[in-house]
Number of protein chains: 2
Amino acid sequence: MLNLTSLPNIPLVQPGDDLSELIWQAAHSAQIELQDGDILAITSKIVSKAEGRSVHLSQVEPSGRAYELAVLSDKDPRLVELILRESREVLRVRPGTIIVEHRLGFVCANAGIDHSNVHAQSAGDPVEQTEGWLLLLPADPDASAWAICQGLQARSGKRLGVLVVDSHGRAWRLGTVGVAIGLAGLPGLVDLRGEPDLFGFRLRITQVGAADELAGAASLLMGQAAEGTPVVHVRGFPYPLRAASLSELLRPKEQDMFR
Amino acid sequence: MLNLTSLPNIPLVQPGDDLSELIWQAAHSAQIELQDGDILAITSKIVSKAEGRSVHLSQVEPSGRAYELAVLSDKDPRLVELILRESREVLRVRPGTIIVEHRLGFVCANAGIDHSNVHAQSAGDPVEQTEGWLLLLPADPDASAWAICQGLQARSGKRLGVLVVDSHGRAWRLGTVGVAIGLAGLPGLVDLRGEPDLFGFRLRITQVGAADELAGAASLLMGQAAEGTPVVHVRGFPYPLRAASLSELLRPKEQDMFR
């Protein structure tokens, strides 16, 4: 049985907040007692906020290349400048979308830079007063996950995993899905190669993107809209916990047929 | 709360089996009483088996094009012939892999043709006696899902959803993940466009591939290896059930930047 529960009572996160403490308190108030093998899935947005990764467009000076891509993508050149700074390589440009290899190694749209929920003045402020703030992805989501995991393990005395989740679009299919962009304590890939199936065949497909499957599941509960449930508690993940990093989920560029 | 439970006691599926009856019995024996809003996620493999979609290589006569691609892909020309028959278009060919647009509209490797768990003679038969059998994807997984959904709704009197799940590789990332290849009664995409976020912004990202997120979650419990748990009961899917089809998850070819 796999059980996912949104933690209520996560407050609006501010720069400098200790997420492991906020999550620990929220789990406590939800009467969830952490157990060995539990995983906390956390939207990248609150990790970024805690790390002070918001930027106001007025602080950004676009480069010449940003101006060029701004025309092709029909985007604000300052936003494009931020996308370029957060990226290793631009793969595709279309009106509305710039697909990049993010500096963290994954391929995503607009370098994962988020417009929404960034700047809390007060709920209900008109858009005009809050726009212009953008939220970059965490500087090092594996390290963020590790720090939160350490904090929660120290408080609970249990062996835990932490998954930092972002929503990405995909080649070929519509709709965003939650994917792992940082992880600590749980496997990204699970290798089933060589295990026999029911009839003694060796399985051939067989590296399972388990952390991404879990990220998708958690994302279902994270509520992109008004509810705001940025942390999901997971019990019953079917694979053993172990040390891991995002890199195991990233297809090496030279093996990628779709760049 | 989102809760996923593998149904134990699904027998080895044979051609002609009524999956809605097998699932109904298995839910009963697991003391799961179906409720309005519950979803059954089913691996495509048992849907194919029930529908008699296994083919022996000796029955296949390769075309000239299959021989050509067999050389490029280092695959048996008879397997390649089946891949071509199941596909609309070949997108990439590399040793070991042929990426196609499947006749069902999605992009996947090797037309989803599966080697493992196909031919039940008796458990433990050596590979030599069972190889040569291949399992094609269901002829019409939306229709399969609909029939199973109807059967379970008639038995239970509840409003249910059914998801047919396959494991696909992805551009850019390693590891397979469960995705929807057929659905009935639950949304494929959930459109959050225009809903305000916490601070009154209009959300911009916003079509969520909810059925794929759920397929990934269910896939975690399906056990690709010896356990064999082909059906997962889902309670707590956070979006309203509605009529749907796979087509809503497929990116129109002309909008696809990565073909």
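Q: Against which elements of chain A do the buried residues of α3(A) pack?
A: The buried residues of α3(A) pack against α4 (77–85), β4 (87–94) and β5 (97–102) of chain A. The structure is a predicted model, in which local features need pLDDT of at least 70, side-chain atom pairs count only at pLDDT 80 or more, and totals for chains, interfaces and linings use all residues. Residues are numbered from 1 along each chain as its sequence is written, while chains are lettered from A and ligands numbered from 1 in the order in which they are written.

Q: What makes D74(A) exposed?
A: D74(A) counts as exposed because it has 11 C-beta neighbours inside 10 Å. This residue is found in the loop between α3 and α4 of chain A.

Q: What is noted about phi of D74(A)?
A: Phi of D74(A) is near 60°, a positive value in a residue other than glycine. N110(A) likewise has a positive phi, near 55°, and is not glycine. Most residues other than glycine have a negative phi.

Q: Why is L241(A) called partly exposed?
A: L241(A) has 18 other C-beta atoms within 10 Å, so its count falls in the intermediate class. The residue lies in the segment after β12 (231–235) of chain A.

Q: Which residues does L241(A) touch?
A: Two residues are in contact if their C-beta atoms, placed from the backbone, lie within 7 Å. Not counting residues up to four places away in sequence, L241(A) touches G37(A), R159(A), G161(A), G185(A) and L186(A). By contrast, its C-alpha atom is separated by 43 Å from that of P77(A), 164 residues apart along the chain.

Q: How do you know that the buried residues of α3(A) line one face of the helix?
A: In α3(A), residues 64–73, the buried residues are A66(A), L69(A), A70(A) and S73(A). Seen down the helix axis, they fall within an arc of 110°, so they line one face. The arc is that of the directions from the helix axis to the C-beta atoms. The face turned away from the buried side carries the exposed residues G64(A), Y67(A) and V71(A).

Q: Why are α3(A) and α4(A) called roughly perpendicular?
A: Axes are lines fitted to C-alpha atoms, for helices over the stretch in contact, and angles run from 0 to 180 degrees between N-to-C directions. Angles under 35 degrees count as roughly parallel, over 145 as roughly antiparallel, 65 to 115 as roughly perpendicular and the rest as oblique. The two helices pack at about 115°, with their axes 8 Å apart, and α3(A) and α4(A) are therefore roughly perpendicular.

Q: What is the handedness of the crossing of α3(A) and α4(A)?
A: α3(A) passes α4(A) in a right-handed crossing. A crossing is right-handed if the near helix is turned clockwise from the far one by less than a right angle, and left-handed if anticlockwise.

Q: What makes α1(A) and α6(A) oblique to each other?
A: The axes of α1(A) (residues 19–29) and α6(A) (residues 141–156) come within 8 Å and cross at roughly 45°. The two helices are therefore oblique. Their crossing is right-handed. The contact is made by L19(A), S20(A), E21(A), I23(A) and W24(A) of α1(A) and I148(A), G151(A), L152(A) and R155(A) of α6(A).

Q: Why is α7(A) called oblique to α7(B)?
A: The axes of these helices, residues 210–222 in chain A and in chain B, come within 8 Å and cross at roughly 130°. That value makes α7(A) oblique to α7(B). The crossing is left-handed.

Definitions and conventions. Buried ≥ 20, exposed ≤ 12 C-beta atoms within 10 Å, placed from the backbone. Helix = DSSP H or I, 4+ residues; strand = E, 2+ residues; numbered from the N terminus.
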